[in-house]
Amino acid sequence: MTPGDRAAELARLGGAIESTRPPSSDRSELPPLPGAAEGNVVLRLAPFPNGALHIGNARMLYVNDEYRRRYKGKLYLVFDDTIGSEEKRVDPEIFNVILNDLTIAGVPPDAVFYKSDRIPRFYPWAVRVIEKGGAYLCTCPAELLRRNRESGTPCPERSQTVETTLEGWEKMLGGAYAPGEAVLRLRTDLADPDPAFRDRVLMRLSDLEHPRVGRKYRVWPMLEFSWAVDDVELGLTHVLRGKDLVIEDRMEEFIWKLLGVKGPPFLHWGLLRLREAKIAKSKSFKEVASGVYDGWADPRTWSIDSLARRGIRAEALRRFTLSFGLSLSDIEVPAETLYAENRQLIDATTPRKSFVPDPVLVEVDGAPELGTVSLPNHPDHPELGRREVPAAPPYWLPRAELERHAGEELRLKDLLNLVLPTGPVPAGTPTLRAHFAGRENKKLPRIQWVARAGSVPVELLELDGSRRTGRAEASLLTAAPGDIFQFERVGFVRLEDRWKRGTEPVLACFGHP
RNA sequence: GCUCCCGUAGUCUAGUCCGGCCAAGGAUUCGGCGCCUUCGACGCCGUAACCCGGGUUCAAAUCCCGGCGGGAGCACCA
């Protein structure tokens with residue numbers, strides 16, 4: 001049937017039925033949580049404390065928080081600080097960093113738990129699993145264990161009796177084994193098609209010193225087992241986690257089925273990366289520790305803290321991360337998308353200022369008497385008021401523009417037109433001489449300027465960690481740390497917290513275009 | 001190699017479960033125009049997508065089969 005025939009046929013039958021399809025919304029909404037009702041939802045955040053929260057973690061934060069809000073539920077922060085490994089150590093400083101990150105992000109936890117406080121709770125569960133015949137004590141070296149798992153070969157201990165396992169478990173707890181000499185393994189199925197799921201380790205030994213509990217415990221749970229226990233003991237109703245942790249679902253469900261307990265369902269999302277932020281937490285950790293980076297708020301870490309430092313609102317981050325829904329695809333998004341979100345939030349209320357990067361002093365021959373000019377703080381929002389700025393030459397002008405437009409006529413925005421001298425701009429700190437060319441608002445390239453008499457030095461921290469110097473309007477001196485401005489033709493910036501009002505140079509951090 | 005997940009425009013996403021209101025909606029980017037004394041904002045216009053191949057069906061982005069591509073897991077890390 002052609003579209004025309006179809007329309008005719010439709011008309012003959014009495015016209016189309018009114019569409020019941022809901023209009024697709026411009027902002028996608030998260031799907032409902034299965035089995036959730038207002039007031040009965042308990043969720044958790046479980047970051048490993050080895051670094052500040054970054055953009056990838058933000059998704060975990062806001063998805064969980066969004067559901068907490070929607071169902072008026074609870075959201076726990078559970079530090080996943082089991083003992084880790086030599087390569088993956090718990091950083092004692094980081095507990096507070098993460099707590100602070102949550103505050104910045106606007107996601108306050110309803111309660112805070114530390115896995116390291118809960119170690120003894122895992123022991124009786126281990127015994128329960130053993131008594132169900134679900135585990136055995138394996139003394140294979142790690143290397144052999146791995147090979148056997150791959151080939152599906154059982155080690156001799158796999159067939160040990162429950163009694164033997166219980167004895168072995170007691171010996172393990174009692175200190176009869178050194179780290180690496182024995183582990184408690186789950187008895188799944190060595191023929192499981194997924195090699196990753198074969199007889200995984202439940203509990204193991206470690207002599208590493210834990211930053212919170214020292215050497216109080218030697219027998220530590222593996223992540224999956226600890227969650228099989230805590231997701232039940234903490235009364236969680238849903239577990240929302242990245243899809244990199246799907247095998248943990250299977251482990252937990254296997255254990256729950258074995259013990260006949262009921263655990264929460266799992267929901268996942270895919271990996272989220274910012275194109276510009278191809279950084280690993282461990283790399284940032286190294287650079288922060290060695291002092292190459294200016295702490296976790298260094299823009300190069302792309303941590304939540306660093307985004308706040310740049311003036312990116314938590315709300316922008318929230319909208320940004322929620323816009324991806326619960327999609328399972330691994331995605332890489334340009335930071336511009338986040339900037340667009342933030343711009344939408346702050347543009348209308350952000351005052352404009354003139355900032356001249358890499359400034360060169362320029363005298364203007366033939367200029368009329370110029371005292372001050374009155375400029376709007378925002379071109380589209382008069383309610384933000386106006387400001388008076390000194391307007392007499394000489395002016396600081398951006399070196400890059402002087403070079404690009406040598407010998408040409410251009411316009412100092414909102415002020416006057418001038419003709420630049422020809423030839424290259426000498427290095428160093430020369431004073432150039434330009435010629436006045438009227439005040440008429442002509443169609444000319446427009447550049448920002450600041451009169452020498454009304455300027456202050458500014459140090460602008462860039463995203464690559466470098467510091468750019470420039471001159472800006474002196475009115476910046478009366479602003480407060482944390483204030484956000486748009487430097488015209490440059491971008492949005494935020495005044496640094498460590499800057500003191502009234503002091504020079506003014507310290508600012510670049511946010512985004 | 002084995003297991004699981006994912007594949008809609010440049011980049012994301014809605015739609016896929018329950019086939020037809022989808023000649024595919026939204027955001028962002030990009031291009032053009034307008035406006036404003038910013039390369040910002042706003043308005044209008046535009047470019048642009050169902051991974052490929054079969055099958056089922058009157059009808060497939062949606063169901064089935066087979067490929068291909070990408071990601072993750074296969075740690076006594078989390």
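Three strands, S1, S2 and S3, form an open sheet in that order, and their pairing is parallel. Two strands are taken to pair if DSSP finds at least two bridges between them. Helices (H or I, at least four residues) and strands (E, at least two) are DSSP runs, numbered from the N terminus. Strand S1 (42-45) and strand S3 (111-114) stand at the edges with a single partner strand each, so one side of each is left without a neighbour in the sheet. On average, neighbouring strands of this sheet are turned by 30 degrees against each other, direction ignored. Axes here are lines fitted to C-alpha atoms, for helices over the stretch in contact, and angles run from 0 to 180 degrees between N-to-C directions.

The structure is a predicted model: local features need pLDDT of at least 70, side-chain atom pairs count only at pLDDT 80 or more, and totals for chains, interfaces and linings use all residues. Residues are numbered from 1 along each chain as its sequence is written, chains are lettered from A and ligands numbered from 1 in the order in which they are written, and side-chain values use heavy atoms, with hydrogens and water left out.

Within this sheet, S1 and S2 run parallel and are joined by four bridges; Arg44 stands opposite Tyr76 in S2. Strand S2 (residues 74-79) also pairs with S3 in the parallel sense, over four bridges, and the bridge partner of Val78 in S3 is Phe113. Five of the six residues of S2 are buried, so this strand is largely enclosed by the rest of the structure. Buried means under 20% relative accessible area, exposed over 50%, and partly exposed in between (1.4 Å probe, protein chains only).

Helices accompany the strands. Helix H2 (residues 55-71) lies across S1 and S2 and runs at about 165 degrees to S1. Helix H3 (residues 94-105) packs on the sheet, touching S1, S2 and S3, and its direction makes about 155 degrees with that of S2. Contact here means heavy atoms within 4.5 Å.

Aromatic rings form a further theme. A search of the whole structure finds 12 aromatic pairs. Rings of Phe, Tyr and Trp (its six-membered ring) pair if their centres lie within 6.5 Å; planes under 30 degrees apart count as stacked, over 60 as edge-to-face and the rest as tilted. The rings of Trp256 and Phe266 have centres 5.8 Å apart and planes at 5 degrees, so this pair is stacked. The pair links distant parts of the chain, 10 residues apart, with Trp256 in helix H8 (residues 246-259) and Phe266 in strand S9 (residues 266-269). Both Trp256 and Phe266 are buried. Elsewhere, Phe79, Phe95 and Tyr114 form one aromatic cluster.

The buried residues of H12 are Ala335, Leu338, Tyr339, Glu341, Asn342 and Ile346. Seen down the axis of H12, these buried residues fall within an arc of 160 degrees, so they line one face of the helix. The arc is that of the directions from the helix axis to the C-beta atoms. An α-helix has 3.6 residues a turn, so residues three or four places apart point the same way.

A second sheet is open and has seven strands in the order S21-S18-S19-S20-S14-S17-S22, with mixed pairing. Its edge strands are strand S21 (446-447) and strand S22 (450-451), each of which pairs on one side only. Strand S17 (residues 395-398) and S22 run antiparallel and are joined by two bridges, and Tyr395 stands opposite Ala451 in S22.

A cis peptide bond, with omega about 5 degrees, joins Pro393 and Pro394; Pro394 lies in the loop between strand S16 (386-390) and S17. Another cis peptide bond joins Glu504 and Pro505, with omega about -5 degrees, and Pro505 is in the loop between strand S26 (491-495) and strand S27 (506-512).

Positive phi values in residues other than glycine occur at Trp302, near 55 degrees, and at Asp358, near 45 degrees. Trp302 lies in the loop between helix H9 (281-290) and helix H10 (304-309), and counts as buried at 7% relative accessibility. Asp358 is placed in the loop between strand S13 (355-357) and strand S14 (359-365), and is partly exposed, with a relative accessible area of 43%.
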